[in-house]
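Trainee: I am new to this one. Could we walk through it together?

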Amino acid sequence: MKASVLTFFNNKGGVGKTSMIYHLAWMFASLQKRVVIFDLDPQSNLTAAFLDESEIESVWNHQDEGSTIYNCVNPLASVGDIAEPELKNITTNLYLLPGDIRLSDYEGVLSEAWPGSMGDSNLYRPMRILSSFWQVMQMAADQEEAEIILIDIGPNLGAINRSVLIATDYVVIPMGADLFSLQGLKNLGPTLRKWKNQWEKRLDNWKESEEASLRTSFQLPQGKMQPIGYLCQQHSVRLDRPVKAYDKWVQRIPEVYCEFVLNQDPKDNKHLKEEHCLATVKHYRSLIPMAQEHRKPIFNLTSADGAIGSHANAVQDAKQDFKQLAIEIAAEMGIGIEDE
Ligand SMILES: Nc1ncnc2c1ncn2[C@@H]1O[C@H](COP(=O)(O)OP(=O)(O)O)[C@@H](O)[C@H]1O
Ligand SMILES: [Mg+2]
């Protein structure tokens, strides 16, 4: 069985995307789901959340084959092929393929392969390049018998993210409650549909080619990109701004999501309000730096880490909130989690 790929995506940055993936990864793992995380944002913030600087420096200095996503796919830029990923074991059930700032160099390789994949011949190499992230993801999931592949990407609509979305089964959209996030949503929905459509054309073109009949073991992603909902982040609100300003934007999200992401007429959708909002993510204030310092998710903080009094209560609340969210997202992906 192929592992499901879940990507968090919004072309507006600073919406708590990386923090959310970090916490959900820990939660899935603690709920006995085997997870592989891919940091496909060249900024590598997710990698920095999991590994300390000396560890990251060692990975980047050695440049061993397969040690980062860049080192897995970059052999394709010359005459080589994809390298087997070398995953970092973070905790039980949880593995990471570190990010790499050099991944930006691969943008050009992907852009070049895009038109080539629609030609009449020599399709194998461009199709292999365009699906290279997915190929590595499936190799990693097979290695670790993972069920869920979690992906972080940067906030843009470039060739790297297009290839990541081609590899994606399910999309969650983290949102801030502001004009910029809402505008981002208006770009994102149509872009996802465009990419899905363009990839389907490439799959058809490949299937009809002579090469496809010769390379029967070559598998390709389906480019499902199914949106399963959005997350609304309270922390993105400036604390000095009145609550009313937050509400104003939050209330507009369901309609924009419906129209631009689902491509449905909001007027036809009677239960617009709650349906697609997976959760409202709380502002965790001082728990965030405390968790970062101890390199653990906020819901694993203990009194020894400084989580005492009201902090201890907030830690327990966070555990419940993330657990519920993990179960809900897994359910949307058709994965059952037993809540004992
Ligand atoms: N729930 C939260 N409560 C408080 N601060 C948060 C929360 N989530 C994220 N942050 C902080 O907001 C900033 C942006 O978060 P990050 O996860 O890096 O966003 P993105 O990946 O979307 O750019 C970081 O400084 C992070 O620590
Ligand atoms: Mg980020």
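Mentor: Gladly! A term to begin with: a residue is buried if 20 or more other C-beta atoms, placed from the backbone, lie within 10 Å of its own, exposed if 12 or fewer, and partly exposed in between. This is a predicted model, where local features need pLDDT of at least 70, side-chain atom pairs count only at 80 or more, and totals for chains, interfaces and linings use all residues. Residues are numbered from 1 along each chain as its sequence is written, with chains lettered from A and ligands numbered from 1 in the order written.

Trainee: How many residues of strand β2 are buried?
Mentor: Strands (E, at least two residues) and helices (H or I, at least four) are DSSP runs numbered from the N terminus. V35, I37 and D39 are buried on one side of β2, V36 and F38 on the other. The strand, residues 35-39, is largely enclosed by the rest of the structure because the buried residues number five of the five.

Trainee: Which residue of β5 is the bridge partner of V35?
Mentor: Strands pair if DSSP finds at least two bridges between them. β2 runs parallel to β4 (94-97), with four bridges, and V35 stands opposite L94 there. Five bridges join β2 to β5 (148-152), also parallel. In β5, the partner of V35 is I148.
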